[in-house]
Amino acid sequence: RADGPYQILRLADGSEVASHALIVAVGLEYRTLDAPGVERLAGAGVYYGASITEASSCRDCPVFIVGAGNSAGQAAMYLSQYAGRVTMLVRGASLEAKMSQYLVDRIRQTPNIEVLLEAEVAAVEGQDHVEAVAVRHVPSGSEETRDATALFVFTGAVPCTGWLRDTLRCDREGFVLTGSQLLEGGRPLPGWPLERPPYLLESSVPGVFAVGDVRAGSVKRVASAVGEGSIAVQFVHEHLSRVR
Ligand SMILES: Cc1cc2nc3c(=O)[nH]c(=O)nc-3n(C[C@H](O)[C@H](O)[C@H](O)COP(=O)(O)OP(=O)(O)OC[C@H]3O[C@@H](n4cnc5c(N)ncnc54)[C@H](O)[C@@H]3O)c2cc1C
């Protein structure tokens, strides 16, 4: 909670710490798949993001995507430029239920993307790296094992912000809003107590910054989380020079 210029942080043992500035870097928790092989092969063909590194390692190979939201759709389009075949496993009965229509249309027009509806991962197989994915057809329970080089999981992520959502402004999913996300028509949102607008990476409480995966709109990569941390330190100094 904020108390004048102090941020008061209550720890799990009930004790409290007061500070003039705070950097929140608590990250998020990916919803994981509960299927044999998924945990063991995480990072070895099971991925929770699709960057150029993972995409180029799948060149001309068969890959699977789990999920049916926009992030899954965007990943499918991206990976289709590299992989030989992209198979999307969608638990529901239609792709339209959770995905924007423009993405659905683009996916349907892309010849090397296949969409399997009412399908889920039964298991991931491979010695040191993903070699195959067992796919279960949900209504019938029947299973089929197919060759695969990678499985990309896009089933969503939850920011670890349950404890601060009453204090900091967050988006609908609970990611912390910072900087220009807290402006409306160029002016700070109601409740912002200072003359100056929020700094880059500063939350709705002056002196409290959010960096990395927990920040709304962040890139969800190690390098950007580290970079944001070092940028935030500069703004902490700036903030401290004004409160003292
Ligand atoms: C399986 C997997 C593979 C990935 N592979 C890559 C990759 O190859 N390249 C890449 O660039 N990125 C990758 N990422 C993404 C990358 O891990 C994140 O973008 C990065 O770690 C974000 O850093 P962060 O500091 O914001 O959060 P995190 O690294 O998640 O750190 C947050 C920390 O805060 C702790 N915490 C949470 N709540 C609290 C609390 N209330 N109090 C105290 N501590 C708390 C957590 O336990 C955790 O230690 C991968 C992610 C996953 C899940």
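Let me start with a definition: buried means under 20% relative accessible area, exposed means over 50%, and partly exposed is in between, with a 1.4 Å probe and protein chains only. This is a predicted model, in which local features need pLDDT of at least 70 and side-chain atom pairs count only at pLDDT 80 or more, while totals for chains, interfaces and linings use all residues. Residues are numbered from 1 along each chain as its sequence is written, and side-chain values use heavy atoms, with hydrogens and water left out.

K220, at 24% relative accessibility, counts as partly exposed. Its phi is near 65°, which is positive in a residue other than glycine. K220 sits in the loop between strand 17 and helix 4 (222–243); helices (H or I, at least four residues) and strands (E, at least two) are DSSP runs, numbered from the N terminus. L201 also has a positive phi, about 75°, and is not a glycine. That residue is in the loop between strand 16 (187–188) and strand 17 (208–210), and with a relative accessible area of 4% it is buried. As background, most residues other than glycine have a negative phi.

Now the whole chain. There are four helices and 17 strands, and the C-alpha trace spans about 65 × 40 × 35 Å along its principal axes. Of the 244 residues, 44% count as buried. Taking contact as heavy atoms within 4.5 Å, 58% of the contacts between residues at least 6 apart in sequence join residues at least 24 apart.

Next, the cores. A nonpolar core here is a set of buried Ala, Val, Leu, Ile, Met, Phe, Trp, Tyr and Cys residues joined through side-chain atoms within 4.5 Å. The largest has 25 residues, and I65, V86, M88 and F152 have the most contacts inside it. At least two residues each come from strand 7 (62–66), helix 2 (70–79), strand 8 (85–90), helix 3 (101–108) and strand 13 (150–153). Which element gives the largest share of this core? Helix 2 does, with five residues. A second, separate core has 18 residues, including V38, V46, V130 and V153.

M88 has contacts beyond its neighbours within four places in sequence; among them are I65, A72, A76, M99 and I107. I107 is also one of the buried residues of helix 3, together with L103 and V104.

On to the aromatics. Rings of Phe, Tyr and Trp (its six-membered ring) pair if their centres lie within 6.5 Å; planes under 30 degrees apart count as stacked, over 60 as edge-to-face and the rest as tilted. The whole structure has four such pairs. For Y47 and F152 the centres are 5.4 Å apart and the planes are at 40°, so this pair is tilted. Y47 is in strand 6 (residues 46–47) and F152 in strand 13, so the pair ties together parts that are 105 residues apart in sequence. Both residues are buried.

Last, D128. This residue is in the loop between strand 10 (119–125) and strand 11 (132–137) and, at 64% relative accessibility, counts as exposed. Not counting residues up to four places away in sequence, D128 touches L41 and A44. D128 and A44 are 84 residues apart in sequence but 7.0 Å apart in space, C-alpha to C-alpha.
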